[in-house]
Amino acid sequence: MPPKTRVTKEMIINAAFEIARESGFENINARTVSDKLSCSTQPIMYNFGTIENLKQAVYAKVDSFHAEYLMQMQNEQNSMPLEIGLNYIRFAIYETNLFHFLFQSGYAVESSVMDMVNSDELKSVIEAMHEAIGMSLSQTKEIFLMVALFTHGYASIIANNALKYDEELIAKYLERAFNGAYLSIKEEQQ
């Protein structure tokens, strides 16, 4: 019977995720991961071959984590689209290193904004928004994209420490952006 694997691929990804979260994706390397796991660098290189392969696996985990984060309703009085937008910005504030990894590292696998909107990671977000606003799926995706581009601007400015977070003010403008996008799509329908 072969010996049990002490350090699994999942353990390595989780350790590298924590490194990215705590100190940035730039600090993911064989030594930092092995130190976090209290092991040699051999299991890391055996399982991933290169640190770039490990970073790509961690990026996918961060992407899934981000999609789940967007769906956490923190204020039940807000509409689903507003909470998704606010959570996007909250992610930039409270998970700044992961935000940088997702949106400012060059690791994104999507080559266009429509690829992003159609990604597996955003399916649950788009579906929830679709149910909340009652428009067709393609119209919901258009609204999502318009509001996401607006929201990403706020999130990026905040994540780069150039703007103080004022949730009440931002919520007001996110509502306006959503309402404008909604009315624009609705008007095109007529």
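Buried means under 20% relative accessible area, exposed means over 50%, and partly exposed is in between (1.4 Å probe, protein chains only). I'm looking at a predicted model, where local features need pLDDT of at least 70, side-chain atom pairs count only at pLDDT 80 or more, and totals for chains, interfaces and linings use all residues. Residues are numbered from 1 along each chain as its sequence is written, and side-chain values use heavy atoms, leaving out hydrogens and water.

**Aromatic rings.** I looked up the ring pairs and found 13 in the structure. Rings of Phe, Tyr and Trp (its six-membered ring) pair if their centres lie within 6.5 Å; planes under 30 degrees apart are stacked, over 60 edge-to-face, the rest tilted. Phe 99 and Phe 103 are a tilted pair, because their planes stand at 50°, with the centres 5.0 Å apart. I noted that Phe 99 is buried at 0%, whereas Phe 103 is partly exposed at 28%. Next I checked Phe 150 and Tyr 154, which pair edge-to-face, 5.5 Å centre to centre and 85° between the planes. Here Phe 150 is partly exposed at 33% and Tyr 154 is buried at 17%. I also found one aromatic cluster made of Phe 17, Phe 65, Tyr 69 and Phe 91.

**Charges over rings.** A charge sits over a ring if NZ of Lys or CZ of Arg is within 6 Å of the ring centre and within 35 degrees of the ring normal. Lys 61 lies over the face of Phe 17, 5.3 Å from the ring centre. I saw the charged end of Lys 9 over the ring of Phe 48, at 5.3 Å from its centre.

Lys 164 is exposed at 74%.
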